[in-house]
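I opened my notebook to look up a metal site and a few residues around it. Come along and check each entry with me.

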Amino acid sequence: MRIVVLAGGIGGARFLRGLKQAAPDAEITVVGNTGDDIHLFGLKVCPDLDTVMYTLGGGINEEQGWGRLDESFTVKEELAAYGVGPEWFGLGDRDFATHIVRTQMLGAGFPLSAVTEALCARWQPGVRLLPMSDDRVETHVAIEVDGEQKAVHFQEYWVKLRASVDAKAVVPVGAEASKPAPGVLDAIAEADVVLFPPSNPVVSVGTILAVPGIRDAIVAAAASGTPVVGLSPIVGDAPVRGMADKVLAAVGVESTAKAVALHYGSELVGGWLVDTVDAGAVADVEAAGIRCRAVPLMMTDVEATAAMAREALALAEELR
Ligand code: GDP
Ligand code: CA
């Protein structure tokens with residue numbers, strides 16, 4: 001079975017670990033969000049690709065959900081001693097090596113997709129990890145500070161400001177002119193199932209769908225009978241983790257499992273899983289033409305996550 005998953009960072013990566021356990025023989029292609037990418041200290045950092053790679057490759061800091069296991073921060077301290085920041089983005093020594101290798105390869109002319117493949121040769125994530133695009137796309141967030149409108153990089157909004165001010169708009173800068181990375185559209189066209197993990201619907205999945213051609217490819221696959229199933233990142237009217245409510249509000253979507261399903265729409269997703277606490281939303285989601293089930297959606301451990309993945313695949317079978 002060929003499965004395509006559109007993934008952000010932590011939510012996507014953790015779900016993928018469960019999916020691998022639930023479907024050990026499946027050929028899984030991950031289309032990763034690169035809208036969170038940022039240049040720091042002259043290095044290209046791809047937080048979501050790395051979270052997927054480290055999580056599936058056994059190198060992740062489990063408690064944090066991002067960054068490396070057994071990490072130290074000597075380089076960051078030395079940079080700070082020179083007064084060189086930003087100090088709010090935690091790059092550890094082991095993590096730095098990844099960004100150095102990536103930046104060196106990009107500088108030598110390799111596209112990000114080839115670089116990601118090279119990095120994965122070390123981590124062996126057990127999935128094919130593709131960036132959504134080889135072109136630079138950078139998510140910016142419009143905010144108002146002291147009555148003044150400005151746009152900041154997504155990481156500045158998320159990590160430095162902790163989404164403490166309202167997001168007026170979320171813009172994937174460069175998306176319009178970007179092209180899907182090699183292999184992305186073919187993987188979608190050849191997929192037996194497409195899954196939207198419980199990733200952020202705006203700045204993770206939404207950004208991937210903003211790359212021209214990707215949304216259309218999924219809609220076309222769905223129209224030709226490929227089941228597309230999503231899992232809600234919103235449980236009990238709040239994100240399980242993080243501040244997704246802030247960026248959902250920016251696109252006019254309520255933080256409910258139902259509103260996110262309707263935001264994607266029945267053209268895109270044919271099936272939707274909500275948590276059991278949101279069972280009351282099932283009828284409304286189904287009324288919108290999306291088959292819906294309420295099942296436990298908390299990724300407390302790999303076993304619980306694998307059960308979620310099995311539910312998603314079972315719903316996909318029902319849709320076939
Ligand atoms: P990020 O790039 O690191 O922010 O990660 P993603 O975009 O892939 O996923 C973030 C989303 O995962 C957040 O909106 C969370 O609500 C959601 N999430 C995290 N843990 C869980 C969980 O255990 N269950 C569900 N249903 N969603 C989760
Ligand atoms: Ca992210």
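Why does Cys46 count as buried? I found that its relative accessible area is 0%, and buried means under 20% relative accessible area, exposed over 50%, partly exposed in between (1.4 Å probe, protein chains only).

Before going on, I noted that this is a predicted model, where local features need pLDDT of at least 70, side-chain atom pairs count only at pLDDT 80 or more, and totals for chains, interfaces and linings use all residues. Residues are numbered from 1 along each chain as its sequence is written, chains are lettered from A and ligands numbered from 1 in the order in which they are written, and side-chain values use heavy atoms, with hydrogens and water left out.

Next I looked for disulfides (pairs of cysteine sulfur atoms within 2.5 Å), and the count came to 0. For Cys46, the nearest cysteine sulfur is that of Cys120, 11 Å away. That is too far for a bond. I also saw that Cys120 is buried because its relative accessibility is 10%.

Then I turned to the calcium ion (ligand 2), which is coordinated by Asp36 (OD), Asp48 (OD) and Asp48 (OD) at 2.0 to 2.5 Å. Donors are N, O and S atoms within 2.8 Å of the metal (3.2 Å for Na, K and Ca), and water is not among the atoms, so sites may look incomplete. Both Asp36 and Asp48 are buried.

Last, I checked Asp37, which is buried at 2% relative accessibility. Leaving aside neighbours within four places in sequence, its contacts (heavy atoms within 4.5 Å) include Cys46, Leu112 and His153.
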